[in-house]
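Reader: I am new to this structure. Please show me how to read its features, one at a time.

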Amino acid sequence: MSPNTASSAGKDKLIVDEEEVLQAVILADSFNKRFKPLTTHKPRCLLPICNAPLLDWTFESLALAGVQEIFVICRSHAELVKTAIKNSKWSKPGAGLKIVPIVTAKETFTPGDAMRDIYTHGIITSDFVLVTGDLVSNIHIGDVVREHKERRENGQGRHNDDGSQTEWRKPSDASSLHSFPASSRGDSAVFVIDPETSKCLHYEAVTGYPPKKYASIPREILNEHPEVEIRNDLIDCSIDICSVEVPSLFQDNFDYGDVRRDFVHGVLTSDLLMKSIYCYIAKEGYAARVRDTRSYDSISKDILSRWTFPLVPDDNHPGGHSYEHLRGNKYIAKDNSVILSRTCKIGNNTLIGSKSQIADNAQVIASVLGQRCVVGAGSIVRNSYLFDGAVVGPNCVVEHSIIGSGVHIKERTRVERGCLIADGVVVGPQAKLAPFSRLSKRRQDSDEEDEEFEDAEEQLEEEDDDEGEDGDDEDEVDSELEDVEANQDPEALAKLGPGTNAIIWPPPTVDEDEDIDELEHPDNQRLMRIGDNASDLVLSDAGSITSSESESESDDDDDDEFYGSNPASSTTSLPLSTPSNLVAQADSAVISEFQQEVKQSLDRAFAEGHSVDNAAVELKTLRMASNVSLRLVREAVIAAIVSRIKIMAGGGIPQRQEIASMIARWGGLIDKIGGVDPVETVEVLQEYCASSDRLPLFGQILAALYQDDIVDEDDIRAWHGNSKSQGQGVKPTSLQDNYNKCWITGAHMIKQFDEQDSDEESEEESEDGGESRDPAVKNPVTKEFPSESADSSEEDSGEEDEGDTDEDDSE
């Protein structure tokens, strides 16, 4: 995005008074250690996501929102942050943004300390936007800023409220990864909101583990407000519109450490402050922050899936890189420096930086490679993130991990899920990293880098003596590394290979006598790390509780006490998860009503000839109103399209033309409803055809979807490799045979793909001596698939899933 374009586009929308500059404050420090050891020598805000530092994504988000002046508050590694700001395009003349780094005192250990330091500096002169340095957002916040100003000026509320803070939140949908930004199971909250004024009446933080089933709401809230909304499905976007008085509230209350759990809770429960907080629930746009490695993975995939448009890799990339966007959300650097072997496989949702190399028979699937990365012959990189200069040797496997800059993974090494490997580490050969291992370099291997680091720090200190102390970061880092290095297990180190320079960080533990915040407890942190499904933990979400367990719990006398109100208590306890039989009844009613509304909407769209975009907008609105899963919408759309395909007598060419016409007109609606999941599209198509009279048309409809680029070869292979596609576990059992017929049709198509690939390779070898071709470009396949293939007895063993999947493949 052009800085001039971004700032001018939002300026008219945001600033009520043209002379008043909209300020923003970025808290660059994370104040936790969830990315250690990747953040040992750099702050989280400078870690790359989709090959651009997180801080640059935050600058882009604020520029898009119309912010004109930004204060970056930093303590840890302040010299690196200042250098990054100095080198940013937003610091260039005419950028339309003024960015000022503010180095806080070394005693700044919490967001509350940072806010008190902001008050001390006296830099805030008007309402301001408060965000963190790991924000990714495309939301225009103009309307909220105006509402905030008007509310404060008009003095809404019973206590002459000044609207001291407006929080921005989005509804969550746990059933669909890409429908909204990623929600953390380990760090959520319950909100009680006045639906008429959007005023927040009560806030209660909720951790995923240990499980919490009840929220306690003060009874006076229910007495004073005849109608309230109780929400525990909201995602914290960490975008706050604050009045100028907010920093002073932190200054007056030194026990405010966390913005949410201390400040918000303190304001809402205090009768003396006379301040109010309002919640704005966004219905459109994308906003999320990289709170942990799990959200790092989710947000990366959201960026690649273009949920952050216009902030996408091929347009407005914050790092200034240029990528070509290929089908399946594959992004290849445009400078023609990427070397892709003819036999390598590039899966969907993948980004490859400039000067990177993918060798013969290597696979890169749903991953991000930085610049100058190398993936050796026969290696597999799946759902992982390689920073600049990372090298993966031949015949290696890297799964669900984050690999730092300059890391060298030598041949035949396996990096299991959840691993974090810091910059410059060498592992292997023939090593096997245990799941969730954390590695960094030995200190003696970092001496030269440390000297350069100290020289740069001294130079910056000389230039900025009047800006405060940077903090004693290096002493803290050296002390921590010294402790880790002194307690290494020789046997564990031996498994890292003879050429390693790594040390292994111990798993987090808690002493029984230690008083630790529930949020930072190791068990709760498991819900926040990449690759960990925490399946062995008993959680409080409804999806982890079986019907029999819930029903037995609801019959227990102890539980019954919580459903009524205790006359002696000033609070009313509400269950966060009601018994599943009641939930099932309520969900069934909502789903039934939603399906009926979707049917009526699609009937109107087909009858009145609506555009695909308009039909999609109406479906999105219905879905948000009903809060149902994206799959239900996809099922309704596919059923509506397929059911309207006329069955032509005799089949043949007329039948194919009828199918092609319908898919060409309405097929695009499948991917316009709020998420692109082609594998699920094939699954839903099979499910509908197998249970209807459209079974003989399955192969021709699938071919039409392929020809219209709604699904591709990798998607069909991924679906075909799923055991359910063969009818395993399908109920009722009478449908299993129909499922198997669809699966046989898929096998026939895959066989044609293979034959076509073989023919083209033979032609290339004979004509041009085997010149390389781009593996990201789909091979043409014959357009005609026999209609009787669904009844064919031909069977195919299928192929391994080479697409975007979270399942572990045996190597």
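Author: Start with the cysteines. The model is predicted. The structure holds 0 disulfides.

Reader: What is a disulfide?

Author: A disulfide is a covalent bond between the sulfur atoms of two cysteines. Now take a case here. Cys279 is in no disulfide. The nearest cysteine sulfur belongs to Cys200 and is 4.3 Å away.

Reader: Is Cys279 buried or exposed?

Author: Cys279 is buried, with a relative accessible area of 4%. Cys242 is buried too, and its value is 0%. The cut-off for buried is under 20%.

Reader: How do I read burial along a helix? Which residues of helix 21 are buried?

Author: Go residue by residue. In helix 21, the buried ones are Phe698, Gly699, Gln700, Ile701, Leu702, Ala703, Ala704, Leu705 and Tyr706. That is 9 of the 10 residues in the run 698-707, so helix 21 is largely enclosed by the rest of the structure.

Reader: What follows helix 21?

Author: Asp709 follows helix 21, and its phi is positive, near 60°.

Reader: Over how many bridges do strand 24 and strand 27 pair?

Author: Strand 24 (residues 374-375) and strand 27 (residues 391-392) pair over 2 bridges, in the parallel sense. Val374 has Val391 of strand 27 as its bridge partner.

Conventions. Residues are numbered from 1 along each chain as its sequence is written. This is a predicted model: local features need pLDDT of at least 70, side-chain atom pairs count only at pLDDT 80 or more; totals for chains, interfaces and linings use all residues. Side-chain values use heavy atoms; hydrogens and water are left out. Buried means under 20% relative accessible area, exposed over 50%, partly exposed in between (1.4 Å probe, protein chains only). Helices (H or I, at least four residues) and strands (E, at least two) are DSSP runs, numbered from the N terminus. A disulfide is a pair of cysteine sulfur atoms within 2.5 Å. Two strands pair if DSSP finds at least two bridges between them.
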